[in-house]
Amino acid sequence: MRVIVGRVGRPHGIRGEVVIGVRTDEPDLRFAVGAAVEAVPSPDEAAGERLTVASARWHSGQLLVAFAGITDRTAASGLTGSWLSVDSSQLPGTADPDEFRDHELIGLDVRTVGGEPVGVVTDVLHYGQDLLVVRGAEGECLVPFVKEIVPEVDVRAGLVVIDPPPGLLDPAEAQ
């Protein structure tokens, strides 16, 4: 599975550097010299152009990256808007058993603590509170990703167990 780690912005300077919109918690690792990423026109594309990081530096709070073979502003501008991804197998495991990456959660079946099927995790949103987007027969719902509501996540079994408060799954229950 491919995981998006950044998006190429505008060129910077005349030597082929581009501004990277970072989409990873580990930008210094993902964009280290020698690291390989794949550039695709949209996040849904499976294959694209393989790029190797030639240099990376932080400048005024922005990550500037140069890729091998991209040596001028014109060539760099051809990358603008590309999404950068890596294979999820390249990501190191997490040490915390209660920490999950979005791609590990997407696609997991969701059931209540009573065993009733709710749906499938289709996305994870990161606002003030992490939210699981769950699509079921009744439509889509947002489930706060907190231990009190999501007591169990078993990635190997492909299952998320939720203990929804009244009204979370059926707004009529809240009244």
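**Strands, spread and surface**

Q: What makes strand 8 and strand 9 count as paired?
A: In this predicted model, 6 bridges join strand 8 to strand 9 (residues 130-136), and the two run antiparallel. Pairing requires at least two bridges, so strand 8 and strand 9, with 6 bridges, are paired.

Q: What lies between strand 7 and strand 8?
A: These two strands form a hairpin with 4 residues between them. In the turn, G115 has a positive phi of about 90°.

Q: Which residue in strand 8 is the bridge partner of D109?
A: The partner of D109 is V120. V120 also has a bridge partner in strand 9, namely R135.

Q: Why is L29 called partly exposed?
A: The relative accessibility of L29 is 45%. Buried means under 20% and exposed means over 50%, so L29 falls in between and counts as partly exposed.

Q: Where does L29 lie, in a helix or in a strand?
A: L29 lies in helix 1, which covers residues 27-30.

Q: How far is L29 from R15?
A: Their C-alpha atoms are separated by 23 Å, while L29 and R15 are 14 residues apart along the chain.

Q: How many helices and strands does the protein have?
A: There are 3 helices and 12 strands.

Q: Why is the protein called more spread out than a compact globule?
A: Its radius of gyration is 20 Å, whereas the globule rule gives 16 Å for 175 residues. The C-alpha atoms fill a box of roughly 60 × 30 × 30 Å, taken along the principal axes.

Q: What share of the 175 residues is buried?
A: Buried residues make up 34% of them; to be counted, a residue must have under 20% relative accessible area.

Q: What makes up the accessible surface of the protein?
A: The surface comes to about 10,100 Å², and 50% of this belongs to carbon and sulfur atoms.

Q: How many positive and negative side chains does the protein have?
A: The protein has 14 positive and 27 negative side chains. The centres of the two sets lie 12 Å apart.

Definitions and conventions:
Residues are numbered from 1 along each chain as its sequence is written. This is a predicted model: local features need pLDDT of at least 70, side-chain atom pairs count only at pLDDT 80 or more; totals for chains, interfaces and linings use all residues. Side-chain values use heavy atoms; hydrogens and water are left out. Buried means under 20% relative accessible area, exposed over 50%, partly exposed in between (1.4 Å probe, protein chains only). The radius of gyration is taken over C-alpha atoms; the globule rule is 2.2 Å times the number of residues to the power 0.38. Accessible areas come from the Shrake-Rupley method with a 1.4 Å probe; for residues, only the protein chains shown count as cover. Lys and Arg count as positive and Asp and Glu as negative; His and the chain ends are not counted. The place of a charge is taken as NZ of Lys, CZ of Arg, CG of Asp or CD of Glu.
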